[in-house]
Amino acid sequence: MGSDDIGSSRYIYQQVYSAGSNYNFGETPNTFNGIVEGQLGNTDVRWEKERKLNFATDFSLLKGKLSGTVEVFDNYRWDILTLPARTPLLFGQTLPVKNIGEVSNKGYEIELSHRGNLGKVAYNLKGMYAVAKNKILNMDEPQPLFPWQQRTGKPIGLVSGGLYQFDGFYQDQADIDASALPAGVTRPGFLKYKDIDGDGIININDKVVGGLPNLPQTTFGLNLGFSYKGISLNALFQGAKDYNFRMEAGAIDAFRANLQPVHLERWQPGDGNTARYPSLTYTTTTVNSSEAFPSDFWNLDAYYIRL
């Protein structure tokens, strides 16, 4: 299989050289333009590969009034072009992508159909429900300092580096004094995050790679059809769930763009942990910032059904 998701490295096999800094020769310096070695070439680049296993069964009952299909699949892709990440920086050179990535994708799909008549009205119903979950098996990931920040073994589409874990709001000064704190100013109504490593400080070590990815893991649909004396009516419902949509920066932070209705539901004394938004602040470096402190508080359940 092929993939063009390789950024600007269209000619991976080629060794790159480029004009570099000037260099002086001789006792009386004479300046010459230099050539420096750029990204190394990968002469062993090859196609990605995939093994597909599908097991399915079809059935028909009640003289064709009820029918369906059940399918289970197990796909394994390897030799995925991936940028090596475990090579130490002291190597001192830009590496090309290599065929080292591995991903597993497993799931199932169920489809049921029913048709019949209610007097002179003919009807048909067809429903579909599918689950597909992938997992990174190898991405040449360096061993993280903490196991909760590892991406290998997790789904594709999680935030790289992880997210802080929402743990309510700081209620008052007594709550602030008794809680783990980030650097900088903390006030009542600010977002509170879990101290994952238990050191009493909220910092990057408390980020967690986990949760739901940014692509649906479950999709479903329902098609309804009715006909009567040559007049027909059809409706199609479609939906997806088990994934998140992440809000960030001007899309959600107050005063970074236009104020939104959700900002009216900011935290106020007495709200406890039920507010939909933290207390308002102009500062973009506090725990209330979706950029300075990316967290799962800003994840929206992207579940939907549409007609």
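Visitor: Is Asp 140 buried or exposed?
Guide: Asp 140 counts as buried, at 11% relative accessibility, where buried means under 20% relative accessible area, exposed means over 50%, and partly exposed lies in between, using a 1.4 Å probe and protein chains only. This is a predicted model, in which local features need pLDDT of at least 70, side-chain atom pairs count only at pLDDT 80 or more, and totals for chains, interfaces and linings use all residues. Residues are numbered from 1 along each chain as its sequence is written, and side-chain values use heavy atoms, with hydrogens and water left out.

Visitor: Where does Asp 140 lie?
Guide: Asp 140 lies in the loop between strand 8 and strand 9 (166-169); strands (E, at least two residues) and helices (H or I, at least four) are DSSP runs, numbered from the N terminus. The phi of Asp 140 is near 55°, a positive value in a residue other than glycine. Most residues other than glycine have a negative phi.

Visitor: And what is phi for Lys 63?
Guide: Lys 63 has a positive phi as well, near 60°, and this residue is found in the loop between strand 5 and strand 6. Lys 63 is exposed, with a relative accessible area of 84%.

Visitor: Changing topic, how many salt bridges are there?
Guide: The count comes to 14 salt bridges, each being a side-chain nitrogen of Lys or Arg within 4 Å of a carboxyl oxygen of Asp or Glu. One of them joins Asp 79 and Arg 46, whose closest N and O atoms are 3.1 Å apart.

Visitor: What does Lys 126 pair with?
Guide: Lys 126 forms a salt bridge with Glu 111, with 3.4 Å between the closest N and O atoms. The pair links distant parts of the chain, since Lys 126 is in strand 8 (residues 121-138) and Glu 111 is in strand 7 (residues 98-118), 15 residues apart. Lys 126 is partly exposed at 38%, and Glu 111 is partly exposed at 24%.

Visitor: What about Asp 253 and Arg 256?
Guide: Their side chains meet in a salt bridge of 3.5 Å, N to O. Asp 253 is buried, with a relative accessible area of 4%, while Arg 256 is partly exposed at 36%.
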